[in-house]
Amino acid sequence: MNPNTKQLGKIIRDAILRVAPTVGRKRPSTKAIYEALKAVRPALLSEFGGPVKCRYAGCPPVANRDCPRPFKVLEYLWDFSFSRFDIPSAIEQCGHVPHGSKYELLFVAESELGTAHEICRDLLKLLEARTSIRCLVYRQPKRLKERREFEARMVRVLHNHAYFERSPGIWLFIGLTWADQTIECDVYTLNDRLNEIVPVQLA
């Protein structure tokens, strides 16, 4: 297992558990999940160098020294992402990427707390990302047997994609369950043979 998997998994789990607990059957808000995912930024900055820019729907306007005013950040292909440099610099709308550097996606996440079909659709979508780290935040079944069956389905979905085995990268599966005033978060990744989703052992 890549050591970064455990580090990132712990950061995300701890941030998710700090989210205000749900009331009744209400699921965690998308905004709260995105705020939790933002916690990995320092780890990405340490691993890849900066600048590391965040992007998600509802992200506050961002200042760019080459833009006359803060620009609105829109969702870009995936629900949530971190990149080296921002899109206005990459497309030379405001400034540019410095010589010798490249714009690249570092971390891409999809969050889906709906049905199994919707979750697997987002999982397939993650496979289209050219990135080092992919993260799926999803609603996992509460019963262990159903949970394992769904994990096996997700592995099959990954292998249904022609390019999965060529560049698997780091995968994080953040399984959420919730009830009145409680939220539970389990972190998984792929085993070395890429044929099973396994728990990440966190302190």
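**Sheet, helices and cysteines**

Strand E2 (residues 80-84) and strand E3 (residues 104-112) pair in the antiparallel sense, with five bridges between them. The model is predicted: local features need pLDDT of at least 70, side-chain atom pairs count only at pLDDT 80 or more, and totals for chains, interfaces and linings use all residues. Residues are numbered from 1 along each chain as its sequence is written, and side-chain values use heavy atoms, leaving out hydrogens and water.

**Sheet**
- Serine 83 is opposite leucine 105 in E3.
- The open sheet has seven strands in the order E1-E2-E3-E4-E5-E6-E7, with mixed pairing.
- Strand E1 (52-56) and strand E7 (197-199) are the edge strands, each pairing on one side only.
- Strands are DSSP runs (E, at least two residues) and helices likewise (H or I, at least four), numbered from the N terminus; two strands pair if DSSP finds at least two bridges between them.

**Helices on the sheet**
- Helix H2 (residues 30-37) lies across E1, E2, E3, strand E4 (131-139) and strand E5 (170-179), at about 150 degrees to E3.
- Helix H5 (residues 116-126) lies across E3, E4 and E5, at about 175 degrees to E3.
- Contact means heavy atoms within 4.5 Å; angles run from 0 to 180 degrees between N-to-C directions of axes fitted to C-alpha atoms, for helices over the stretch in contact.

**Cysteines**
- The disulfide count is zero, a disulfide being a pair of cysteine sulfur atoms within 2.5 Å.
- The sulfur of cysteine 135 is 9.1 Å from the closest cysteine sulfur, in cysteine 185, which is too far for a bond.
- Cysteine 135 counts as buried because its relative accessibility is 0%, and cysteine 185 because its value is 10%; buried means under 20% relative accessible area, exposed over 50%, partly exposed in between (1.4 Å probe, protein chains only).
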